[in-house]
Amino acid sequence: MNDLVHRSATIRSYEDRYLRFRTKAGFAFRSEIGGVIPNGWTTIEQAEWMASVAAISEDDLLLDIGAGRGWPGSLIAKETGARLVSVDVPLEALRQGAEDLREKLGPRVSQVCGDGRILPIGDAHFSAVCQADVLC
Amino acid sequence: MLRECRRVLKRDGRLVVVTIEIAEGLGAAQRARATELGPEDLGTGGPLRDLVAQSGFEVVIERNLTEDFRVSLLDRLNALDQNDAELRCAEGHELVDTEREKRANMLKAVQEGLLRRTALVGRAS
């Protein structure tokens, strides 16, 4: 029971991160720091480096765990041509990222609401997995 | 989570991770301070390199991104400063103060050598 309470509190705190800075002033602040949520730390240069070392191409499937609104998986998929599965727990993050992901990747992207510790995915399915600031 | 990454990856598939972690070689008191100043969900299980290796990967690349992280933290604090009045009006004092304190604490931890940001590539073995 305690686990369930803790888990739902954790999910709520993740959801909250995506509900902050949604005002006009909040968007201005976010645009000055690259348009990311203020908790995201992966720069464009770092995402480009991630794409260069992922060793994938258009025939491959990439999994982004803890993807939030789709960063940095969307850039890696765009640069490499790989198809992307973008996974995260907060539905709010998936909702906010959906349109942008569709614009960037069209049918080559799927979003899944799920926990990276118990993925609803079969064995040996992906050519690469990326994650940014999920383990911290 | 890393074992789950290994499970869903094909053999020789790549894991590309970027994360904030506690710096290596710290004593108990410094580790406690890193945890106190670091992000809420800072991992305490050991160096990322070891965790990745223990989860069925061969570590093929490791990069230290701590300086980039320090610059990002300064950028966030400057952006908070520049938008302070508008943010306080629109988002509230509590949120602005909390965000500022979190970032200032993380910057302090980086400057004291308690936190680092690491990028790592593992190959599924």
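Me: Which strand of chain A is joined by bridges to β1(B), and how do the two run?

Reply: Two strands pair if DSSP finds at least two bridges between them. Here strand β4 (residues 126-132) of chain A is joined to β1(B) by 6 bridges, and the two run parallel. Phe126(A) has Leu9(B) as its bridge partner, and Val129(A) has Leu15(B). Helices (H or I, at least four residues) and strands (E, at least two) are DSSP runs, numbered from the N terminus.

This is a predicted model, in which local features need pLDDT of at least 70 and side-chain atom pairs count only at pLDDT 80 or more, while totals for chains, interfaces and linings use all residues. Residues are numbered from 1 along each chain as its sequence is written, and chains are lettered from A and ligands numbered from 1 in the order in which they are written.

Me: With which strand does β1(B) pair in the antiparallel sense?

Reply: β1(B) pairs with β3(B) in that sense, over 9 bridges. One of the bridge pairs is Arg14(B) with Arg123(B).

Me: How many residues does each chain give to the contact?

Reply: Two residues are in contact if their C-beta atoms, placed from the backbone, lie within 7 Å. Chain B gives 41 residues and chain A gives 40. On the side of chain B that touches chain A, β1(B) supplies the largest share, 11 residues.

Me: Why is β1(B) described as largely enclosed?

Reply: A residue is buried if 20 or more other C-beta atoms lie within 10 Å of its own, exposed if 12 or fewer, and partly exposed in between. Of the 14 residues of β1(B), 11 are buried, so the strand is largely enclosed by the rest of the structure.

Me: Which residues touch the most other members of the largest nonpolar core?

Reply: A nonpolar core is a set of buried Ala, Val, Leu, Ile, Met, Phe, Trp, Tyr and Cys residues joined through C-beta atoms within 7 Å. In the largest, of 55 residues, they are Met50(A), Ala54(A), Leu62(A), Val129(A), Cys130(A) and Leu15(B). The largest share of this core, 7 residues, comes from β1(B). Beyond four places in sequence, Met50(A) is in contact with Pro72(A), Ile76(A), Cys130(A), Val16(B) and Val18(B).
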